[in-house]
Amino acid sequence: LKTQNCWNSCGILMRIILERALDRKNNNIKNKSGLKDKINFCLSSSIFGKSVLESLKKLDNSTKITGDIVAHDSNILLSKNDIELAIIPFRVLLSDIF
């Protein structure tokens, strides 16, 4: 059995989870259109504490971007390291929301 490393799928899934988690946190976030607007709203509000905001900034520069790239360009392949960059800030954000 050959092992398949589907890091692009992980990147897209993490991006979707990020957006859905933000939607769950606050209706004002959910009412924004698109993940970038949701993240920008969060960064300019007091919905999250400082440590979660720092995690969200990192997710904006990792999870959102990598998810967008692989969703729109099938020639780019993510690696395990690309996904691992987002694991800690992703966990921090999800711990705050759930």
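Visitor: Are Lys-38 and Glu-19 buried or exposed in this predicted model?

Guide: Both Lys-38 and Glu-19 are buried. For Lys-38 the relative accessibility is 4%, and the residue therefore falls below the cut-off of 20%.

Visitor: Which residue forms a salt bridge with Lys-38 at 2.4 Å?

Guide: That residue is Asp-23, whose closest N and O atoms with Lys-38 are 2.4 Å apart. Here too distant parts of the chain are linked, Asp-23 lying in helix H1 and Lys-38 in helix H3, 15 residues apart. Asp-23 has 12% relative accessibility and therefore counts as buried.

Visitor: Which side chain meets Arg-15 in a salt bridge?

Guide: The side chain of Asp-68 does so, at 2.5 Å from N to O. This pair connects helix H1 (residues 7–25), which holds Arg-15, with helix H4 (residues 50–72), which holds Asp-68; the two residues are 53 apart.

Visitor: Why does Arg-15 count as buried?

Guide: Arg-15 counts as buried because its relative accessibility is 18%, and the cut-off is under 20%.

Visitor: How many salt bridges are there, and which residues are linked in a network?

Guide: The count comes to 10 salt bridges. Arg-15, Glu-19, Arg-20, Asp-23, Lys-38, Lys-64 and Asp-68 are linked in a network of such bridges.

Technical notes:
Residues are numbered from 1 along each chain as its sequence is written. This is a predicted model: local features need pLDDT of at least 70, side-chain atom pairs count only at pLDDT 80 or more; totals for chains, interfaces and linings use all residues. Side-chain values use heavy atoms; hydrogens and water are left out. A salt bridge is a side-chain nitrogen of Lys or Arg within 4 Å of a carboxyl oxygen of Asp or Glu. Helices (H or I, at least four residues) and strands (E, at least two) are DSSP runs, numbered from the N terminus. Buried means under 20% relative accessible area, exposed over 50%, partly exposed in between (1.4 Å probe, protein chains only).
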